[in-house]
Amino acid sequence: QVQLLESGGGLVKAGGSLRLSCKASGSILSISNMGWYRQAPGKQRELVAVITSGGSTNYADSVKRRFTISKNNAENTMSLQMDSLKPEDTAVYYCKATVRTAVYTLNIFWGQGTQVTVSS
């Protein structure tokens, strides 16, 4: 089994910054993609940013030029630097990883979520 542990959420004023981290542990042969998703109250979960094992990144339009995703393949960790935060960024942020747990087996795992609240 694989566990994803998120940290770094909290309360911040608009214009401020937060850094989220996600560490994967367990039966990991390799990790292909990792990403951050978020879900605000009453809304569907949405993609924030993803990063491949090769380092390619993709961002939601709403966070481009404000958020930066990064990954440490050796440590199986991923981070999301969030700058110029807005109240509409308030949500529970989830870490997601596509993990090879056996030679012919890929599984998707989710973290438990971390709350980010941006006050105006």
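I began with the accessible surface of the protein, which comes to about 6,400 Å², and I noted that 49% of this surface belongs to carbon and sulfur atoms. I keep in mind throughout that the model is predicted.

Turning from the surface to burial, I found that buried residues, taken as those under 20% relative accessible area, make up 39% of the 120 residues in the protein.

For the charges, I counted 13 positive and 7 negative side chains in the protein, and the centres of these two sets lie 3 Å apart.

Next I looked up the overall dimensions, and the C-alpha atoms fill a box of roughly 50 × 25 × 20 Å along the principal axes. The radius of gyration of the protein is 14 Å, which agrees with a compact globule, because a globule of 120 residues would have a value near 14 Å.

I then went through the secondary structure, where I found zero helices and 11 strands, so that my written order of elements from the N terminus is simply β-β-β-β-β-β-β-β-β-β-β. Of the contacts between residues at least 6 apart in sequence, 54% join residues at least 24 apart.

Definitions and conventions:
Residues are numbered from 1 along each chain as its sequence is written. This is a predicted model: local features need pLDDT of at least 70, side-chain atom pairs count only at pLDDT 80 or more; totals for chains, interfaces and linings use all residues. Side-chain values use heavy atoms; hydrogens and water are left out. Helices (H or I, at least four residues) and strands (E, at least two) are DSSP runs, numbered from the N terminus. The radius of gyration is taken over C-alpha atoms; the globule rule is 2.2 Å times the number of residues to the power 0.38. Buried means under 20% relative accessible area, exposed over 50%, partly exposed in between (1.4 Å probe, protein chains only). Contact means heavy atoms within 4.5 Å. Accessible areas come from the Shrake-Rupley method with a 1.4 Å probe; for residues, only the protein chains shown count as cover. Lys and Arg count as positive and Asp and Glu as negative; His and the chain ends are not counted. The place of a charge is taken as NZ of Lys, CZ of Arg, CG of Asp or CD of Glu.
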